4 protein chains.
Amino acid sequence: LIREYEDEIQGHIPTFGIPDEEFVSIKQLITKEEVRVVTLAKLKLRHDMCLWDIGAGSGSICVEADHLLSHGRIFAIERNSEYRQFIKENLLKFNTRNVMLIEGDAPDCLEELPDPDRVFIGGSGGRLWEILDTVDQRLAVGGRIVLNASTLDTLTSANEYFGNAGYEVEVVTVNIARTCPHSNYKLFEAYDPVYILTAVK
Amino acid sequence: LIREYEDEIQGHIPTFGIPDEEFVSIKQLITKEEVRVVTLAKLKLRHDMCLWDIGAGSGSICVEADHLLSHGRIFAIERNSEYRQFIKENLLKFNTRNVMLIEGDAPDCLEELPDPDRVFIGGSGGRLWEILDTVDQRLAVGGRIVLNASTLDTLTSANEYFGNAGYEVEVVTVNIARTCPHSNYKLFEAYDPVYILTAVK
Amino acid sequence: LIREYEDEIQGHIPTFGIPDEEFVSIKQLITKEEVRVVTLAKLKLRHDMCLWDIGAGSGSICVEADHLLSHGRIFAIERNSEYRQFIKENLLKFNTRNVMLIEGDAPDCLEELPDPDRVFIGGSGGRLWEILDTVDQRLAVGGRIVLNASTLDTLTSANEYFGNAGYEVEVVTVNIARTCPHSNYKLFEAYDPVYILTAVK
Amino acid sequence: LIREYEDEIQGHIPTFGIPDEEFVSIKQLITKEEVRVVTLAKLKLRHDMCLWDIGAGSGSICVEADHLLSHGRIFAIERNSEYRQFIKENLLKFNTRNVMLIEGDAPDCLEELPDPDRVFIGGSGGRLWEILDTVDQRLAVGGRIVLNASTLDTLTSANEYFGNAGYEVEVVTVNIARTCPHSNYKLFEAYDPVYILTAVK
């Protein structure tokens, strides 16, 4: 019965690549569909992993990761209470099974969490290096950190940290434009570019 | 026992976002990781769907789709025998459960397949409109066709077809560059741009 | 004396690459600096040429072309009276010597103009093929037409025309993002992509 | 007579936007047409300025700048003797009037040159900060430095220098792809992305 009910609600939700407009959020906050799935690809998730999502925003990364991590655990860390409300609603809407929402500031609130196999950093609240220090201490060898930067400052800062710490680093620049399906004309509208940095310990 | 054996083999294979170099292929053939996952996102797969992969190449899209379609059926259509050998090896390596390899030319060989919910067109062998005509007859309302174009000719031709046939069309341009993780310098190397066209019936 | 006066006014104006904000215009109208100079490069101007600028907008292309065409003639065709006012002000401000502003609809108003060596099409008012037919009749062999398209529709339509008419066609996609010099953070903001089509007769 | 002779040679050379293949060079060395003209735009040249071109490569920037600087002086600094030979041939071919070729390593060889109004840095031979220190001492207030970076390392390093030195900095990312005019299909081929950094003193 429960399963049928869920099916009814989720009938139009894909297993992957959820449209931006399905998420409860504000427009600037959400990691856009195309960028989100490249980010998930870079995380190289496996079914039983532990993922920290630091600066989870509206939770779109968590929600999609939950569908890829059938036996894993995901911790969504968010200090902004408005955003946490979005996350709560999205976890409910998309029926996640393995996501736990953590209220608090990173890196302070990370102490009580289990060690991560994977870490996604969507926001750092101005404390990037502190967060990276904590993550570096807790992440297993072979673990991965993925960070989305929209400013040169964040990209440079993260790249410098990982260079010093001896990680293997890849940077992918993503320039996407899309047309609106509902328009008569196919006008290309650009997303602002995103730099997806992946660091392997 | 079988499960353990598989785990051993697949220990380093992510559930999603398989690195290009893990596939048996030749370099030009494979749909690159970042483009592949955006393509999969645009397909909006659900667990029990039927997917046709026309011009499957080395099978990278099939393999990843298999992991997202736990109860679905995937038909990989490829007319080139060398490429079919790549597909066979990749289906084995990545332990797919729902992919069937079809030898032959599209659209001729499509007749015997069950109706699709989703169609991906990676190559058309110069018979794009014929293929689209067949797909159009067989695809259910609400079904989706995703096509990756690297030439303006293919993009234009597909866009014209779908416009005439009354589909809702979105075009996403994907410009990606990445640095090599093993280099001392972070030199950005560009992929050629890809146009991902999504048509909804 | 006149020269001194001009120098005083124009002291900060470069010979090339005029900043967007120096033009009298509205934001959506102006061809952005980076796109403008690539467009000018594609025109392959020489000193004594005749250039038609069809859909001249705020006149930014004309103004820069004037500086590159010391003995040439430039006809700025614009049907929108508000835009023509912008052009007038910009021609004055940037002290052009060879630009003549033409009021009217293309292709109707093209009849009285001298044959062009180069044609730039920034806007077509929905009459692209009619304009191209007229241009094709008037352009000398070896002449060049450059067209900036922001929609797939215009790109496709122009490409089809030039293919049928036997022109040699190049398409350049331009994806630009820039940071704001006055901000504390270097946040990259994307321009919408532009397709610069160059056709050589 | 001289003028006629020049006209004959240069009959097909535009005043601006010289095609890459017109330059004597090797392929990897040349600043590609589209990137070159955006670079020139960022330099904001005026007719009587002094420009240093550090790491001049095949001299394509110098040659085009010469056409924009009718009364200026341009110093092309290049330490590689093979590249200097390219520059010599290009200065002759394109009939420049204001370019002087300087043999030597920057910053050592900069001492004897007149103070610059504009500086372009195409290459630094691993001595970027030393060069920037010298340039910073010699450049007038309001002067501009433009640097093309293809690696994150150079971009980061230059950005850090200019941040510390109090310059106003803009970074433009340029992602270009173009089709081949001589092909039957319009296949888009990407250039590797370039970061054009502009610093104003």
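Student: What area is buried between chain B and chain A, and what share do carbon and sulfur atoms give?
Tutor: About 3,300 Å² is buried between chain B and chain A, with carbon and sulfur atoms giving 58%. Buried area here is the accessible area (1.4 Å probe) that two parts lose on being put together, summed over both. In chain B, Thr15(B), Phe16(B) and Lys44(B) lose the most area to chain A, together 17% of what that side buries. This is a predicted model, in which local features need pLDDT of at least 70 and side-chain atom pairs count only at pLDDT 80 or more, while totals for chains, interfaces and linings use all residues. Residues are numbered from 1 along each chain as its sequence is written, chains are lettered from A in the order in which they are written, and side-chain values use heavy atoms, with hydrogens and water left out.

Student: How many residues of each chain are in contact?
Tutor: Chain B contributes 40 residues in contact with 40 residues of chain A, contact being heavy atoms within 4.5 Å.

Student: And how many salt bridges are there between chain B and chain A?
Tutor: There are eight salt bridges between chain B and chain A, each a side-chain nitrogen of Lys or Arg within 4 Å of a carboxyl oxygen of Asp or Glu. One of them joins the side chains of Glu33(A) and Lys42(B) (3.2 Å, N to O).

Student: How do the two copies of strand 6 run, parallel or antiparallel?
Tutor: Strand 6 (residues 168-178) of chain A and strand 6 of chain B run antiparallel, joined by seven bridges. Strands are DSSP runs (E, at least two residues), numbered from the N terminus, and two strands pair if DSSP finds at least two bridges between them. Val174(A) stands opposite Ile176(B).

How values were computed:
Helices (H or I, at least four residues) and strands (E, at least two) are DSSP runs, numbered from the N terminus.
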